[in-house]
Amino acid sequence: MATRKRPRGVWPCWRLRGPLLYALVLASLVSLVALLSAVPEAAAASAGAGPVFPQPVGYVTDQAGVLSPAARASLEEDLARFEKSSGIQLAVVTVKSVAPLDSKMYAVQLFSAWGIGKKGKDNGVLLLLAQQERRVEIEVGYGLEPVLTDGRAGEILDRYVVPALRRGDYDAGLAEGARAIMRVLQGQPGGAPEGQRQASGSGSGVAGWALLVLFLCFVLAIALGGWGSSGGGGSGSLRGGRRPGRTGWPGMPGPWGGGRFGGPGGKDGFGGFGGGSSGGGGAGRGF
Amino acid sequence: MRKGWIIGGALLLLVLLGVLTLGGQYNTLVQKETAVDAQWAQVQNQLQRRADLIPNLVNTVKGYAKHEQEVFSNIAAARSQLLAARGPEEAARANQNVDSWLGRLLALVENYPQLKADATFTRLMDELAGTENRIAVERMRYNQSVRDWNATIRVFPTVILASLLGKAPRQYFQAQPGTEQAPQVNF
């Protein structure tokens, strides 16, 4: 063999053969590319971005400008008191138009963008009015679906909201609708537990050696002083998995939740929405 | 000899680094696959909910429209197909079948003004519409998680680990084009 003739001092590492070489090549490639792998994930996460939503200014966000200042203020007060007593966040929103979405999808996406309700409890409700489309929607958070059923939501719209809106009385329509929703939800402390949602277990058919690798990593991570320093794909995926407020990954900053939209200091009540989510429950009507 | 130790040490470090990143990728894979499974469970919940609503709706309509047996039996057939469906694609096809027969049922309702004024019927229609909205939402979220998963197991470097673990792409919740209209006529 040619290697035998070389001086011992110069170890020809480029002549490595077998599994060690493969391990070396694989390891260096993987560690190089790991740094880049965060990029496509971030790109994929932002690809699903929808239309631009208004910023919440309180429980009532009257973007279409259809409410009188007095009605808006008194409704805002009621809603603040309602959250204080029940923990439930009810947002009343008017927009000029929901294009290019339909009003229901707009309600769903606005709900998740704002994160109405508390994270984990999903105890939020959105009453949305689209002025141009002449539609009104009630979107119910997962946690309140058993109480504020679709049938009840439709009834509220039929009885309190739509007649007033047809008369052109937006103040009465939205205020009466919000109060009817509050009456239904009254006495529901923080909303029911999530009966509807069942998280399935993690993948069970995992090969034993993969677990061994995982265990090894864990030990090594401790030995090397900190998992974070490796810049592994694990933490990157948490950042990339942008499913607003639904999965509740620990340490994931709720994209919109957590009081980021807190009103100006002295304002009583509204402290920002809390990362709740909904799944299309509720009802809608044209008027 | 010392040089050999240094090189050996460097090699070992590189391997450790590789193992660490592999661990991170493994976690990514597990999390994303769990997300897909959880979201699929959500879709199934809503499909089940829809299937549960149908008998109530049919019974209410039957009270007013007794002579529409054909539509009723077809809806029942479509419903049991939906309940028996396995996997996203089959479920999507069955769901579309239910769509088309429910559409006929609702068109038929137009002929019965008393039925349209019935409070129970209105409530059921709200529940049905709400369920359809929920299906639309969960299906959108499911398809997003599938897109994310399918992309993850195809890009380098996760593709290596994914193929070692035998991770396969998942099906979207959508019917294959061309199979939408499969009207089943059972008497």
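Reader: Which residue lies over the face of Trp101(B), and at what distance from the ring centre?

Author: The structure before us is a predicted model. In it, Arg104(B) lies over the face of Trp101(B), 4.2 Å from the ring centre. In chain A, the charged end of Arg183(A) sits over the ring of Tyr160(A), at 5.5 Å from its centre.

Reader: How many aromatic pairs does a search of the whole structure find?

Author: Over all chains, the search finds seven aromatic pairs. One of them, Trp114(A) with Phe273(A), is stacked, with 5.6 Å centre to centre and 10° between the planes. Planes under 30 degrees apart count as stacked, which is why this pair receives that label.

Reader: Which parts of chain A does the pair of Trp114(A) and Phe273(A) tie together?

Author: Trp114(A) belongs to helix 4 (residues 103–114) of chain A, while Phe273(A) lies in the loop between helix 8 (233–240) and strand 5 (278–286) of that chain, so the pair ties together parts that are 159 residues apart in sequence.

Reader: Is Trp114(A) buried or exposed?

Author: A residue under 20% relative accessible area is called buried. Trp114(A) has 2% relative accessibility and therefore counts as buried. Phe273(A), at 1%, counts as buried too. Ring pairs also link Trp114(A) and Phe273(A) with Tyr59(A) and Phe270(A) into a cluster.

Reader: Which nonpolar residues have the most contacts inside the largest nonpolar core?

Author: The general idea is as follows. In soluble globular proteins, nonpolar side chains tend to be buried together. Here the largest nonpolar core has 54 residues, and those with the most contacts inside it are Leu126(A), Leu128(A), Ile138(A) and Leu185(A). Among the elements of chain A that give two or more residues to this core are helix 3 (69–86), strand 2 (89–95), strand 3 (124–130), strand 4 (135–141) and helix 6 (170–185). Helix 6 of chain A provides the largest share, eight residues. Apart from this core lies another, of 41 residues, including Val36(B), Phe72(B), Phe121(B) and Trp149(B).

Reader: Which residues does Ile138(A) touch?

Author: Leaving aside residues up to four places away in sequence, the residues that Ile138(A) touches include Val125(A), Leu126(A), Leu148(A), Ile156(A), Ile181(A) and Ala283(A).

Reader: What is the order of the strands in the open sheet of chain A?

Author: The open sheet has five strands in the order 1-2-3-4-5, with mixed pairing. Its edge strands are strand 1 (60–62) and strand 5 of chain A, each pairing on one side only. From one strand to the next, the twist averages 15°.

Reader: How many bridges join strand 3 of chain A to strand 4 of chain A?

Author: Six bridges join these two strands, which run antiparallel. Within this part of the sheet, Val125(A) stands opposite Val140(A) in strand 4 of chain A. Strand 4 is joined to strand 5 of chain A by seven bridges, and these strands also run antiparallel. Arg135(A) stands opposite Gly286(A) in strand 5 of chain A.

Reader: How many residues of strand 5 of chain A are buried?

Author: Seven of its nine residues are buried, so strand 5 of chain A is largely enclosed by the rest of the structure. Helix 4 of chain A lies across strand 1, strand 2, strand 3, strand 4 and strand 5 of chain A, and runs at about 45° to strand 4.

Reader: How many helices and strands does chain B have?

Author: Chain B has six helices and zero strands. Of its 187 residues, 44% are buried. Among contacts in chain B with a separation of 6 or more, 78% are between residues 24 or more positions apart.

Reader: Where is the place of Pro88(B), and which residues does Pro88(B) touch?

Author: Pro88(B) is in helix 3 (residues 87–109) of chain B. With 11% relative accessibility, Pro88(B) counts as buried. Not counting residues up to four places away in sequence, Pro88(B) touches Trp40(B), Tyr142(B), Gln171(B), Tyr172(B) and Phe173(B). Pro88(B) and Arg170(B) are 82 residues apart in sequence, yet 8.8 Å apart in space, C-alpha to C-alpha.

Definitions and conventions:
Residues are numbered from 1 along each chain as its sequence is written. Chains are lettered from A and ligands numbered from 1 in the order in which they are written. This is a predicted model: local features need pLDDT of at least 70, side-chain atom pairs count only at pLDDT 80 or more; totals for chains, interfaces and linings use all residues. Side-chain values use heavy atoms; hydrogens and water are left out. Rings of Phe, Tyr and Trp (its six-membered ring) pair if their centres lie within 6.5 Å; planes under 30 degrees apart count as stacked, over 60 as edge-to-face and the rest as tilted. Helices (H or I, at least four residues) and strands (E, at least two) are DSSP runs, numbered from the N terminus. Buried means under 20% relative accessible area, exposed over 50%, partly exposed in between (1.4 Å probe, protein chains only). A charge sits over a ring if NZ of Lys or CZ of Arg is within 6 Å of the ring centre and within 35 degrees of the ring normal. A nonpolar core is a set of buried Ala, Val, Leu, Ile, Met, Phe, Trp, Tyr and Cys residues joined through side-chain atoms within 4.5 Å. Contact means heavy atoms within 4.5 Å. Two strands pair if DSSP finds at least two bridges between them. Axes are lines fitted to C-alpha atoms, for helices over the stretch in contact, and angles run from 0 to 180 degrees between N-to-C directions.
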